[in-house]
Amino acid sequence: MIDMGNNPAKLIQHSLLLVTCLFFVLSMLTGCSPSTEELQSVDYTPLPGDDWQVSTPEEQGLDPMLVAELYYNAAELETLYSLLVIKNSYLVAEKYFNEGAVDRKNQQQSVTKSYTSALVGIALDHGCLSSLDLKMMDFFPELAGQITDPRKEQITIRDLLQMRAGYPFEETDPALFEALLSADYLHLIDGFPLTSDPGTEFNYSNLTSHWLGVIVARACGTDLKSFAQEQLFSPLNAELGDDWIKNWDGYYIGLAGMYVTARDMAKFGLLYLNNGEYDGKQVISADWIRDSLQRYSEGVNISGWITGITSRYGYFHDLGYGYQWWSGRAGDRYFNYASGHGGQLIVLLDELDMVIVTAADPFWQQHDDESWKHESAVIKLVGEFINSLPNE
């Protein structure tokens, strides 16, 4: 306790200081939540277009004020481009920020991996691939006799899909990351060391996703972009951008680099939410969707992979992994999601019949504290919204 004695001036000064501090604290607390008037002024009405059935949150049983707060908070993010909410197959909320636009094809980063997984499923449906238990090395005959680690001969397509092939996460080592950025990939099948036996442990490896894409292209006798447009994008009335790059061996990069609009990202999410069916057509088998969204690795811990991002997924927790799809929780609500660096997200909330899509600055080849900070902000935005949704 501070002894003021009998000095009235000090008592008055101290009282004013307490009032000022109290006002500051209250303003900090209340400043985090927008007023009702501010929320009512937020416009998230879907834009005109003939590629989506549109509705309103109210008509689809979703609290419009929760949606308004989502978009109010989204407007504060410096690198967010697009935010869409689909409920009961209707586009109920849509807005573009900063450099975003309805016709902008966004660099998908690692969301590309989930598309590559879908193409593996389609290749199975079409008979290009007969089984997920085929060995990876069966599709790389030019490397016969060159593999120095015999364990690599046992890696299957299933192992690649589940990120359990044993290859390392490239960003844990500068030399590995430099090799990843080189886009000279096929020789790294032998050149990259295994960190675990195939099929035993989860380890996020960008190159395993690329090799999946090469396998699809070779098995189906085409290039991955043409196969994707014909067999996946066209049935969704969607369009794949022309900027997808190839590696030095002439193969489209299966780990990143697709360009897709936010609306077409949402169509891909809706395809998975609806068990592979879109507009009355079975684009991918329902069995493939079910198998893809299983958790083959539980409790995936990515904290500490990169210095300074231990809280990167603080709002997405209890992480698991399927066939190039993540799963997690926000609060107690479970969801599957595709994720790309910078804040590219396709989130599937099956029990709510909802898809949430974000597109943001992809921070291409920039993997530092600045990029992770902005990605974390997008994840926080979506995680807080999911956590706010009441049970139906």
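Analyst: Helices (H or I, at least four residues) and strands (E, at least two) are DSSP runs, numbered from the N terminus. The model is predicted, so local features need pLDDT of at least 70 and side-chain atom pairs count only at pLDDT 80 or more, whereas totals for chains, interfaces and linings use all residues. Residues are numbered from 1 along each chain as its sequence is written, and side-chain values use heavy atoms, with hydrogens and water left out.

User: Where is Phe385 found?

Analyst: Phe385 belongs to helix α12, which spans residues 369-388. Its relative accessibility is 4%, so Phe385 counts as buried; the term means under 20% relative accessible area, with exposed being over 50% and partly exposed in between (1.4 Å probe, protein chains only).

User: What is Phe385 in contact with, beyond its sequence neighbours?

Analyst: Leaving aside neighbours within four places in sequence, Phe385 is in contact (heavy atoms within 4.5 Å) with Leu66, Val67, Leu70, Met354 and Ile356. The C-alpha atoms of Phe385 and Tyr71 are separated by 9.8 Å, although these residues are 314 apart along the chain.

User: How many helices and strands are there in the protein?

Analyst: The protein has 12 helices and 11 strands. Of its 392 residues, 54% count as buried. Among contacts between residues at least 6 apart in sequence, 68% join residues at least 24 apart.

User: On to the rings. How many aromatic pairs does a search of the whole structure find?

Analyst: The search finds 19 aromatic pairs. Rings of Phe, Tyr and Trp (its six-membered ring) pair if their centres lie within 6.5 Å; planes under 30 degrees apart count as stacked, over 60 as edge-to-face and the rest as tilted. One of the pairs is Tyr115 with Phe233: the ring centres are 5.4 Å apart and the planes are at 15°, so this pair is stacked.

User: Which helices hold Tyr115 and Phe233?

Analyst: Tyr115 lies in helix α4 (residues 111-125) and Phe233 in helix α9 (residues 224-233), so the pair ties together parts that are 118 residues apart in sequence. Tyr115 is buried at a relative accessible area of 1%, and Phe233 is buried at 1% relative accessibility.

User: What about Phe316 and Phe335: how far apart are the centres of their rings?

Analyst: Their ring centres are 4.9 Å apart and the planes are at 65°, so Phe316 and Phe335 form an edge-to-face pair. This pair links distant parts of the chain, 19 residues apart: Phe316 is in the loop between α11 (286-292) and β7 (317-321), and Phe335 is in strand β9 (residues 333-340). Both residues are buried. They also belong to one aromatic cluster, together with Phe169, Phe202, Tyr204, Tyr321, Trp326 and Tyr337.

User: Back to the two helices. At what angle do α4 and α9 pack?

Analyst: They pack at an angle of about 75°, with their axes 10 Å apart. Axes are lines fitted to C-alpha atoms, for helices over the stretch in contact, and angles run from 0 to 180 degrees between N-to-C directions. Helices α4 and α9 are therefore roughly perpendicular, the term for angles of 65 to 115 degrees, while under 35 counts as roughly parallel, over 145 as roughly antiparallel and the rest as oblique.

User: Which residues make the contact?

Analyst: Helix α4 contributes Tyr115, Ala118, Leu119, Ile122 and Ala123, and helix α9 contributes Leu224, Phe227, Ala228, Gln231, Leu232 and Phe233. By class, there are 10 nonpolar, one polar and no charged residues. Here Ala, Val, Leu, Ile, Met, Phe, Trp, Tyr, Cys and Pro count as nonpolar, Asp, Glu, Lys and Arg as charged, and the others, Gly among them, as polar.

User: New topic: is Ser82 buried or exposed?

Analyst: Ser82 is buried, with a relative accessible area of 1%, and is found in strand β1 (residues 80-87). Not counting residues up to four places away in sequence, Ser82 touches Lys95, Tyr96, Asn106, Ala262, Val357, Thr358 and Ala359.

User: Last item, the backbone. What phi does Gln109 have?

Analyst: Gln109 has a positive phi of about 50° although it is not a glycine. Most residues other than glycine have a negative phi. Gln109 is found in the loop between β3 (106-107) and α4, and at 5% relative accessibility it counts as buried. Asp353 also has a positive phi of about 50°; Asp353 lies in the loop between β10 (344-349) and β11 (354-360) and counts as partly exposed at 27% relative accessibility.
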